[in-house]
Amino acid sequence: MNKTLKATPPVQLWEVFIRSRSGLAHKHVGSLHAEDAELALQAARNLFTRRGEGLSIWVVPSHLIVASDPSEKGMLFEPALSKAYRHPTFYNVPEEVGHM
Amino acid sequence: MYTQALNDLPTPHNLEDAEKMANFQTRIDSEDRIEANDWMPEAYRRTLVRQISQHAHSEIIGQLPEGAWITRAPSLRRKAALLAKVQDECGHGLYLYAAAETLNASREALMDQLMEGKAKYSSIFNYPTMTWADIGAIGWLVDGAAIMNQIPLCRCSYGPYARAMIRVCKEESFHQRQGFEIMMTLAKGSARQKAMAQDALNRWWWPSLMMFGPPDTDSQHSDQSTRWKIKRFSNDELRQKFVDATVPQAQFLGLTLPDPDLRQDEVTGNWMYGEIDWEEFKQVIAGNGPCNQDRLASRRKAHEEGAWVREAAAAYAARQASRHAA
Ligand SMILES: [Fe+2]
Ligand SMILES: [Fe+2]
């Protein structure tokens, strides 16, 4: 015990997206490590679709995903809340007009 | 549970922004989920990395006691089921390492810690699987206890961990049912088969109760984990739920739980169990269980024997990349 091993070299991280049924969009299901795209696809198939969870897989190197900054959440997304006129319920349509 | 060896109190950091801390707790209290890049107290991050990595290690080491019986399963049906179960456990380990990585821990570093004997995993996997009935007892009791623990983790405040647990829980239910089916077949079989089932139950019952971790009276880290909604029930609460669920199942099998003090409380209906041997638990966690050395040696051997595959994959990827560049 406590024998120091040579550190295991890091392997590239991928994000996995699966289309569960025709007609649905690919959805993020998790991530995995693989050296290249082909191995990433195989690993994704073994890891995430053993019970018929999917019909199509996308794998994307994690470092290629560009994400919004969580600390800018307020600036980016809060203005939407103050613009009630973007929602249908902002407008009054008299009942006798019926469904609109 | 799979993380029963957690024993440091997270140290509150006075240096951290008190306002950020207060906002964080407000988010937790309102059942908001924390995501990977959100601000979080260092102690919250540390607690989660420890808990999630211990959980991941438990899934990975947990493949070994059962894996030993894949080649000896008594029928093709049993063999296919056991192989599928062990493969699921490997997947659980991978989902969990990925969740830990969202907190800036690397999977390779975590696995190296495990192989160097610097990381903990559940005490239960340091017991030997001596007969086929042990495979039944593990599925029924060990996976049963794991489910009891993992269901509330699906509502853990940390999003990536909660999502991993949802996937895990979907897969667990077959594990317990296949184990119970093995026990049922043996318990309804010949006298020797029934004795084999009883013997497995005798050996796995107490270690299964220990899976829930130390009693609430000396579980040090629970309070903070409860405040952060990483933990939703105490060790003793989960243990009691497990005992209450399992006693009638043992009765159905016609097997006897190895606890002379077991009795049903007339008022609460709970099954009251006898004294757990916490000294045994401490010894197994400290590395002195029957199979601790074996488990780590097997893990290291598999890692070393897989080195050429990792190296070949890396070399092939590098060559492909340089061809594309040329
Ligand atoms: Fe599992
Ligand atoms: Fe399991």
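This is a predicted model: local features need pLDDT of at least 70, side-chain atom pairs count only at pLDDT 80 or more; totals for chains, interfaces and linings use all residues.
Biologist: Which residues are the protein donors of the iron ion (ligand 2)?

Modeller: To read a metal site, list the donor atoms first. For the iron ion (ligand 2) they come from B:Glu89 (OE), B:Asp143 (OD), B:Glu172 (OE) and B:His175 (ND1), at 2.0 to 2.2 Å. Along the chain these donor residues have the spacing E-x53-D-x28-E-x2-H.

Biologist: Why is the arrangement around the iron ion (ligand 2) called irregular?

Modeller: Look at the angles next. Four donors count as tetrahedral if all angles lie between 85 and 135 degrees. Here the 4 donor atoms subtend angles of 83 to 167°, so the arrangement is irregular. B:Asp143 belongs to helix α6 (residues 132-153) of chain B and B:Glu172 to helix α7 (residues 159-187), so the pair ties together parts 29 residues apart in sequence.

Biologist: Are B:Asp143 and B:Glu172 buried or exposed?

Modeller: Buried means under 20% relative accessible area. B:Asp143 has 2% and is buried. B:Glu172 has 0% and is buried too.

Biologist: What coordinates the iron ion (ligand 1)?

Modeller: The donors of the iron ion (ligand 1) are B:Glu59 (OE), B:Glu89 (OE), B:His92 (ND1) and B:Glu172 (OE), at 2.1 to 2.4 Å. The site of this ion is irregular, with angles of 83 to 157° among its 4 donor atoms. The two iron ions, ligand 1 and ligand 2, are 3.4 Å apart, and B:Glu89 coordinates both.

Biologist: Which side chain meets that of B:Glu89 in a salt bridge?

Modeller: For a salt bridge, find the two side chains and then their places. The partner of B:Glu89 is B:Lys85, at 2.9 Å from N to O. The two are 4 residues apart in helix α4 of chain B, so about one helical turn separates them. B:Lys85 is buried, with a relative accessible area of 1%.

Biologist: How many salt bridges does the structure hold, and where do B:Glu171 and A:Arg51 lie?

Modeller: There are 22 salt bridges over all chains. B:Glu171 lies in helix α7 of chain B and A:Arg51 in the loop between α1 (37-48) and β3 of chain A, so the pair joins two chains. The closest N and O atoms of this salt bridge are 3.7 Å apart. B:Glu171 is buried at 4% relative accessibility, whereas A:Arg51 is partly exposed at 39%. A network of salt bridges links A:Arg50, A:Arg51, B:Asp88 and B:Glu171.

Biologist: In which sense does β1(A) pair with strand β2 of chain A?

Modeller: For strands, check the direction and the bridge partners. β1(A) pairs with strand β2 (residues 27-33) in the antiparallel sense, over 6 bridges. A:Phe17 has A:His28 as its bridge partner in β2(A). Strand β3 (residues 56-61) of chain A also pairs with β1(A) in the antiparallel sense, over 6 bridges, and A:Trp14 stands opposite A:Pro61 there. Strand β1 (residues 13-19) is largely enclosed by the rest of the structure, because 5 of its 7 residues are buried.

How values were computed
Residues are numbered from 1 along each chain as its sequence is written. Chains are lettered from A and ligands numbered from 1 in the order in which they are written. Side-chain values use heavy atoms; hydrogens and water are left out. Donors are N, O and S atoms within 2.8 Å of the metal (3.2 Å for Na, K and Ca); water is not among the atoms, so sites may look incomplete. Four donors count as tetrahedral if all angles lie between 85 and 135 degrees; four count as square planar and six as octahedral if opposite donors are over 155 degrees apart and all others between 65 and 115; anything else is irregular. Buried means under 20% relative accessible area, exposed over 50%, partly exposed in between (1.4 Å probe, protein chains only). Two strands pair if DSSP finds at least two bridges between them. A salt bridge is a side-chain nitrogen of Lys or Arg within 4 Å of a carboxyl oxygen of Asp or Glu.
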